[in-house]
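The entries follow below the structure.

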Amino acid sequence: MQLLHDLHASRRALAGFIVVGFGWASFSAQMPVIKAQVGVGDGLWGTLVLMGSTGALMAMWLAPLVFRLMGTWALMTGVVGMIAGFLLSGTAQGPVMIGFALFLAAGGSGVADVLANAEVSEAEAETGRSLMNLNHGMFSVAYAVAAVSVGAARGAGFGPVTIFAGMAVAVGVLMIWMRLPDRITPEDDPTAPVAGMPRALVWVGGLVVLSAFLGEAASEGWSALHIERMLGGGPAQGALGPALLAGGMAVGRLGAHLFGAGWPPIRVMVIASLIAGVGLALAGAAPSLPVAYAGFLLGGLGVSVVGPLALGLVGQAVPRKYRLAAISQAAALGYAAFFLGPVVMGYVAEGFGLRASFYVIAAVMCVVAAVLVPWWARLLAVRPA
């Protein structure tokens, strides 16, 4: 069965994506109890989380250095750092400790994320198959499964240390598949500068990734608030907003892999960006809960495939010796969306209303379809062979 072959071909990266999903779902699902344990207010907590997350962006830029230092053990090294950070966060009693723990966890997961994406790109080059959507889709599935499991564990009375320890055991089992192959050949110089890398092509691809993740980050963080504040929904109804968005993303990524692997990726990104724009605009304008739910589902379906496809094209568009550096830069640009998203949504919502903030993100996705992806396609068409 082709799906099994694809899973096997990208098994190292797949293990990395799954454990990163496990880690962040375990933390996010326990955020209320960890925040109470640390004893800080909402403002300081948000600042600490933001400061901790800078570790991820720094690590994404430094991932090639980690690979040069650690070689085939680099992915495991990132995962170990992530586990250590989350275990430390479970015991944190003050702002300094939780800030350091989140910086360590985000840094480790940032390294693992870049190396996993680079490993998928290598597997795509070796097999001739598109594998990014499959791997990113499995991340979404792992995140959802871990979040539900952690919720059940909290309901049974288990605390953060015990839950993170259980996560560490599960991650430890998956680390069996995380040792990377040694792909350096005698003619390669892993310490060579990347001056010859086509930076414009990489950075425009990174902007496409950033725009896609901006749609994801903005919708995940504000969909429940929109449903409860603007449409009068209760907590359970509000929770359906991000749930439908995440579900749409998982279905979109896995569905694109199973049924759309042979479709032209540029065309898919244009269509998907338009679907995301329509969905988010519909959610913002929704007069009722069912319409908002339909909008978030469409938004998730559309935005789901743009980022993975763009990262895959970045890896395919550069010579192999530049692949890790190119993906690390594109990923770092893309993940900046998780910093920009709350800022953009917050300021637009404060100045013009919450509905307008969804219109802005919808407009961004339409600009991606009409301007950014076609511009990138022209750069890809004229790149050196």
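**Aromatic rings**

I began with the rings and found that ring pairs link W24, F27, F86 and F164 into a cluster; here rings of Phe, Tyr and Trp (its six-membered ring) pair if their centres lie within 6.5 Å, with planes under 30 degrees apart counted as stacked, over 60 as edge-to-face and the rest as tilted. I note that this is a predicted model, in which local features need pLDDT of at least 70 and side-chain atom pairs count only at pLDDT 80 or more, while totals for chains, interfaces and linings use all residues. Residues are numbered from 1 along each chain as its sequence is written, and side-chain values use heavy atoms, with hydrogens and water left out.

I then searched the whole structure, which gave 6 aromatic pairs. One of them joins F86 and F164, a stacked pair at 5.8 Å centre to centre with 10 degrees between the planes. Because F86 lies in helix α5 (residues 74-91) and F164 in helix α8 (residues 160-174), the pair ties together parts that are 78 residues apart in sequence; helices (H or I, at least four residues) are DSSP runs, numbered from the N terminus. I checked burial as well, and both F86 and F164 are buried, where buried means under 20% relative accessible area, exposed over 50% and partly exposed in between (1.4 Å probe, protein chains only).

I next looked up F296 and F358, which form an edge-to-face pair at 5.7 Å centre to centre, with 65 degrees between the planes. F296 belongs to helix α12 (residues 289-317) and F358 to helix α15 (residues 354-381), so this pair ties together parts that are 62 residues apart in sequence. F296 counts as buried at 0% relative accessibility, and F358 is buried too, with a relative accessible area of 1%.

Leaving aside neighbours within four places in sequence, I find V79 in contact (heavy atoms within 4.5 Å) with V19, G108, A112, V171, M175 and M178.

**V360**

I placed V360 in helix α15, where V360 is partly exposed, with a relative accessible area of 33%. Not counting residues up to four places away in sequence, V360 touches V344 and V348. The C-alpha atoms of V360 and G81 are separated by 37 Å, and the two residues are 279 residues apart along the chain.

Definitions and conventions. Helices (H or I, at least four residues) and strands (E, at least two) are DSSP runs, numbered from the N terminus.
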